[in-house]
Amino acid sequence: MKNYKWGIAGTGGIAHEFAENFTGKQSTLTAVSSRKEETAKEFATRYQIANSYGTYEEMLNSDIDIVYVAVPNATHYDYIKKALIAGKHVLCEKAITMNLAELEDVMKIAEEKKLILQEAMTIFNMPLYDELTRLIDQNKLGKLKMIQAPFGSYKEPDPKNRFFNPALAGGALLDIGTYAVSFARYFLSSTPVVVATTMVPFSTGVDEQSVTILRTKEDELATVSLTFQAKMPKSGIVAFENGYLEINDYPRADKATLTYTDGSKETIISGASNAAFGYEIDNLTATIEGKPNKSLFLTHDVIAILDQMQKDWAK
């Protein structure tokens, strides 16, 4: 059984969280890179990582098998492309790329080089969602009708921070929006189209709040509501003819409540919310070893939806 060597690109907050919670059945965290050698060394010492590098290129020239890309969103494309060209599999933080053209380019490279590329989207990796799929496939719930995917997160209104900085791919859509759209897309029967979308910008021009309606060819509807200036519960609703699912804290959920039309309830529990990184790690290595890449086509659809939303806002 092969043991896969992982390297982290970046030493920001999400990189620390990944390293602190790193666990995998066939994986070892062996390297980290940063723009500053001293920062990489400090990170490596803190998490007992064997190798640290002051440049990304040095790490790519090492014997790692997989790169976890944890750099700012605007640089994801460049980091993914370099890793794939160097022959490394990639797990990249969300949003995986800034637009569909970038994603399709790196998908093509990954396919040509027979490498695995996945987005670190928790919704596509948490065991609860597999369990809910099995439940839905039993056809007890009837036709899917409606999905609600709200996500509100209050950010200090500082034009200089990354959340509101256009140069750093700021805005709610490419941050929390990827979760909401991914939640909706996971349950929809086919690729939806953007029926309508409206956005209110922050003073810097990035999207601060928005509401979007999606529709599939099966006439399933979904609403996605986002804001960076108000808290909203991350409570997703998936409504069927015979009942509805309510999934609280849906990005890393391990429990859902099913309420039938007669008012009776059922609780579905699977996985553990604090093991989210482990699921992402193990799913990627399983895909390397032949498991179907079940999430990349969903990621592709999500980025296409985000693209269309931004194009509509620009009109």
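Is P72 buried or exposed? P72 counts as exposed, at 52% relative accessibility. Buried means under 20% relative accessible area, exposed means over 50%, and partly exposed is in between (1.4 Å probe, protein chains only).

These legends describe a predicted model, in which local features need pLDDT of at least 70, side-chain atom pairs count only at pLDDT 80 or more, and totals for chains, interfaces and linings use all residues. Residues are numbered from 1 along each chain as its sequence is written, and side-chain values use heavy atoms, with hydrogens and water left out.

**View 1. The whole chain.** The secondary structure comes to nine helices and 14 strands. Helices (H or I, at least four residues) and strands (E, at least two) are DSSP runs, numbered from the N terminus. The C-alpha trace spans about 60 × 50 × 35 Å along its principal axes. The radius of gyration is 20 Å, which agrees with the value near 20 Å for a compact globule of 315 residues. That radius is taken over C-alpha atoms, and the globule rule is 2.2 Å times the number of residues to the power 0.38. Of the 315 residues, 54% count as buried. The accessible surface comes to about 14100 Å², and carbon and sulfur atoms hold 50% of that area. Accessible areas come from the Shrake-Rupley method with a 1.4 Å probe; for residues, only the protein chains shown count as cover. Take the contacts between residues at least 6 apart in sequence: 65% join residues at least 24 apart. Contact means heavy atoms within 4.5 Å.

**View 2. Charged side chains.** The chain carries 33 positive and 40 negative side chains. The centres of the two sets lie 1 Å apart. Lys and Arg count as positive, Asp and Glu as negative; His and the chain ends are not counted. Each charge is placed at NZ of Lys, CZ of Arg, CG of Asp or CD of Glu.

**View 3. Helix α5 and its cover.** Helix α5 runs over residues 100-112. Its 13 residues reach 18 Å from first C-alpha to last, close to the 18 Å expected at 1.5 Å a residue. The expected span is 1.5 Å times one less than the number of residues in the helix. Buried in α5 are L100, E102, L103, V106, I109 and A110. An α-helix has 3.6 residues a turn, so residues three or four places apart point the same way. The cover over the buried residues of α5 includes α4 (76-85), β6 (117-119) and α9 (296-314). In helix α4 sits D78, which is partly exposed at 44% relative accessibility. From D78 to V106 the C-alpha distance is 9.4 Å, across 28 residues of sequence.

**View 4. Helix α9 and its partners.** The 19 residues of α9 should span 27 Å at 1.5 Å a residue, and the end C-alpha atoms are 27 Å apart, which agrees. Its buried residues include L296, T299, D301, I305, M309 and W313. They pack against α5, β6, α7 (177-187), β8 (193-201) and β9. P72 is in the loop between β4 (66-69) and α4. P72 and T299 are 227 residues apart in sequence, with C-alpha atoms 18 Å apart.

**View 5. S210 in strand β9.** S210 is found in β9 (residues 207-215). It counts as buried, at 5% relative accessibility. Leaving aside neighbours within four places in sequence, S210 contacts T198, M199, V224, S225, L226 and W313. K88 is 122 residues from S210 along the chain, and their C-alpha atoms are 37 Å apart.

View 6. A cis peptide bond joins K94 and A95, with omega about -15 degrees. A95 is in the loop between β5 (89-92) and α5. N139 is not a glycine, but its phi is positive, near 65 degrees. This residue is in the loop between α6 (127-137) and β7 (144-152). N139 is exposed, with a relative accessible area of 63%. D219 also has a positive phi, about 70 degrees, and is not a glycine. Its place is the loop between β9 and β10 (221-227). D219 is partly exposed, at 45%.

**View 7. E156 in a loop.** E156 lies between β7 and α7. E156 is exposed, with a relative accessible area of 56%. Not counting residues up to four places away in sequence, E156 touches N161 and F164. E57 is 99 residues from E156 along the chain, and the two C-alpha atoms are separated by 35 Å.
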